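Me: Could you take one part of this model and go through it closely, with the cut-offs spelled out as you go? I'd like the aromatic side of things and the helix around it in one connected answer.

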Amino acid sequence: MKAAVIGAGYMGSAITFPLAQAGIEVNLWGTWLDDEIVSAARKGSHPKLKKPLPGSVSIYYSEDLQQAIEGCQLIFMAVTSQGFMPVLNRLEGCKGWSQAAFFCLTKGLIEAGGQVKRISAAALQKTGKALKWVSVGGPVKAVELAYFTPTLSVYGTRAGDLTRIIKKIRAPYYITETTPDVCGVEICSAFKNVYAMALGICDGLYAEEKPGAYHNLSSLVFGQGVKEMALIVEAGGGKECTAYGPAGVGDLYVTSQSGRNRRFGELIGKGVEAGKAYKDMLQIGEVAEGYHALKLGIDYVKSLGIKDRLPLLSSLYDIVYNSEHPHKGLEHFTGKL
C-alpha cells in the first residue's frame, strides 16, 4: 500500500513512523505553512519531533500536492481544524484523491454553511461525495508515537472493508482499535482539547501556590469533563460508551497531562488573557486547538439543546471568551453541581 500524509506538523510526521514500519510506502506533504519544516526534515531532522523521519518516507513541498498523492490508496489528513477546509480545497483540484481511503487525524469542529459541524459532515457538505472515511482518535501524543512509546489509537469507520486495512496499520508499539462510532470519536477528539484546558487552568492557578495539593479539584474537573463529553456524544448521535473509552477518557487524560491545550489553560490560570496566550503560543509554532474548539463547541451544544447541562463547558467559555477570572469561573462551575 501507499499513503500520502497531508500536513508535516507533529501528528502528520509522527504517524509516518508506524506506517513505514507496517511496510506502507509513505509520502509526507507539507502545507504552505510547513515549508521550513519540510526543508529541515529533508536535510536530516524534523524540527518539532527532534529526530529524522523514517528513511523510506518521501517529503514534498506545498506546491507538489498532486505528486505527493499520486498512486496513493490511503490519504491521512493531519492539519489543524482551521486548515482543514483550505487544504481540502487544494485536494479537490487534484486527480484521484477521492478514490483513496480518507483517514482524518484532524481534531475539532468546522463552521460550514452557517452551522457548526463535525469534520466528516463538513467534508461531505463541501465535496458532495461520500468518501471512504475514517476518523482517527486518541489517546496519542505525537512525540511519544515518534519515539516508539506503546500507543493505542481508535479508528472510527462505518466501512467494513477498511477495517482490514486498519489492522495492517500496526507496529509492535502501535495498536489500532476500530469502532463504527465515527460521531463519538470526532466529538471526543474535539472536546477533549477543550476540557484539557480546564485542567491546565487548575495548574496555572495552584501549581506554584499548592504544589501537589489540588488533586481534589483536578479530579472533580476531569470527571466532569468526561461526563460532559459523554452527554455531547450521546446528544450528537454517537455512543456514550465511546466517551468512557480510550477515544474519550483516555485522550482527555493524555491531553490534560501535557500538551499545547493544557499549556494554554495554564497560561490563562496564571493570568494571561486568552487571546494573548493563543497568539504567544502561535508565534512559537504551537496551536492550541481548544481555543477555537471551545468557541465553536458552545454553538454546537446549543444546536443540540444541551448547553444548560454542561456547567464546566459554560464556565470555561466565560473564562476564555468573557474574561471571567479563573477563580470566579471555577467557583461558578462548582456552584452549579
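Reply: Let's start with a cluster of rings: Phe264, Tyr278, Tyr291, Tyr317 and Tyr321 group into one aromatic cluster. Rings of Phe, Tyr and Trp (its six-membered ring) pair when their centres lie within 6.5 Å; planes under 30 degrees apart are stacked, over 60 edge-to-face, and the rest tilted. Bear in mind that this is a predicted model, where local features need pLDDT of at least 70 and side-chain atom pairs count only at pLDDT 80 or more, while totals for chains, interfaces and linings use all residues. Residues are numbered from 1 along each chain as its sequence is written, and side-chain values use heavy atoms, with hydrogens and water left out.

Across the structure there are 12 aromatic pairs. One of them joins Phe191 and Tyr300: the ring centres sit 6.5 Å apart with planes at 40 degrees, so this pair is tilted. Since Phe191 belongs to helix H8 (residues 182–206) and Tyr300 to helix H14 (residues 289–304), the pair ties together parts that are 109 residues apart in sequence. Helices here (H or I, at least four residues) are DSSP runs, numbered from the N terminus. Phe191 and Tyr300 are both buried, meaning under 20% relative accessible area, with exposed over 50% and partly exposed in between (1.4 Å probe, protein chains only).

Of its 10 residues, 7 are buried, so H12 is largely enclosed by the rest of the structure. The buried ones are Asn261, Arg262, Phe264, Gly265, Glu266, Ile268 and Gly269. Their cover includes H8, helix H11 (246–257), H13, H14, helix H15 (311–321) and helix H16 (326–335). Just past the end of H12, Gly271 takes a positive phi of about 105 degrees.

Now for how H12 meets one of those covering helices. The axes of H12 (residues 260–269) and H13 (residues 274–283) come within 9 Å and cross at roughly 135 degrees. For reference, axes are lines fitted to C-alpha atoms, for helices over the stretch in contact, and angles run from 0 to 180 degrees between N-to-C directions. H12 and H13 are therefore oblique to each other: under 35 degrees is roughly parallel, over 145 roughly antiparallel, 65 to 115 roughly perpendicular, and the rest oblique.

On the H12 side, Arg260, Arg263, Phe264, Leu267 and Ile268 make the contact, and on the H13 side Ala274, Ala277, Tyr278 and Met281 do; contact means heavy atoms within 4.5 Å. By class, these residues split into 7 nonpolar, no polar and 2 charged. The sorting puts Ala, Val, Leu, Ile, Met, Phe, Trp, Tyr, Cys and Pro in nonpolar, Asp, Glu, Lys and Arg in charged, and the others, Gly among them, in polar.

Methods: Helices (H or I, at least four residues) and strands (E, at least two) are DSSP runs, numbered from the N terminus.
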